[in-house]
Amino acid sequence: KARYHAAAVIAANFPAVLLAAGERVLESIGVASGAAREALLPLLVAAVENLRGRPASEALTGPIARGDVATVRAHLEALAGDARALEVYRVMSVSAVELARASGTSGAALEEIERLLRSRRTT
């Protein structure tokens, strides 16, 4: 029963946590709170809509789904001053790598992304 409830919490509560984390990152670069929310909420809604009728591995978008090593590297560098946001990015990125691998993204690119995520853990 506890695992069932934990799964429900992950799916139902953590999108709010992720939105708040994204808002905080935007606010840290001077975007007003309301504007940050307006910019990110449509992305969250689109991500949920993308999941309708498709497995998560097929709904995944973004730099990891594309195997875009340079963008992931830039994100890690940009978040280096925000330990909480950086840790969220790392943890979620590791799961995104697994989904991207399942959808057929280049193994070499994903290996490089994993290496970057691991190397950043020590900074």
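Here is the tour, stop by stop.

A word before clicking: this is a predicted model, where local features need pLDDT of at least 70, side-chain atom pairs count only at pLDDT 80 or more, and totals for chains, interfaces and linings use all residues. Residues are numbered from 1 along each chain as its sequence is written, and side-chain values use heavy atoms, with hydrogens and water left out.

**Stop 1: helix 1 and helix 2.** Select residues 2-28 for helix 1 and 33-51 for helix 2. Helices here are DSSP runs (H or I, at least four residues), numbered from the N terminus. The axes of this pair come within 9 Å and cross at roughly 135°; axes are lines fitted to C-alpha atoms, for helices over the stretch in contact, and angles run from 0 to 180 degrees between N-to-C directions. Helix 1 and helix 2 are therefore oblique to each other (under 35 degrees would be roughly parallel, over 145 roughly antiparallel, 65 to 115 roughly perpendicular, and the rest is oblique). Their crossing is right-handed, a label used if the near helix is turned clockwise from the far one by less than a right angle, with anticlockwise being left-handed.

Glu-27 counts as partly exposed because its relative accessibility is 34% (buried is under 20% relative accessible area, exposed over 50%, partly exposed in between, with a 1.4 Å probe and protein chains only). Now draw a distance from its C-alpha to that of Arg-37, ten residues apart along the chain: 9.7 Å.

**Stop 2: helix 1 and helix 6.** The crossing of helix 1 and helix 6 is left-handed.

**Stop 3: a nonpolar patch.** Which residues form the nonpolar patch on the surface? Show Leu-18, Val-88, Val-91 and Met-92, with about 290 Å² of accessible area together. Patch members have over 30% relative accessible area and no salt bridge, with nonpolar side chains (Val, Leu, Ile, Met, Phe, Trp, Tyr) joined within 5 Å and like charges within 9 Å. A salt bridge is a side-chain nitrogen of Lys or Arg within 4 Å of a carboxyl oxygen of Asp or Glu. Areas come from the Shrake-Rupley method with a 1.4 Å probe; for residues, only the protein chains shown count as cover. Val-88, in helix 6, is partly exposed at 32% relative accessibility.

Notes: Helix = DSSP H or I, 4+ residues; strand = E, 2+ residues; numbered from the N terminus.
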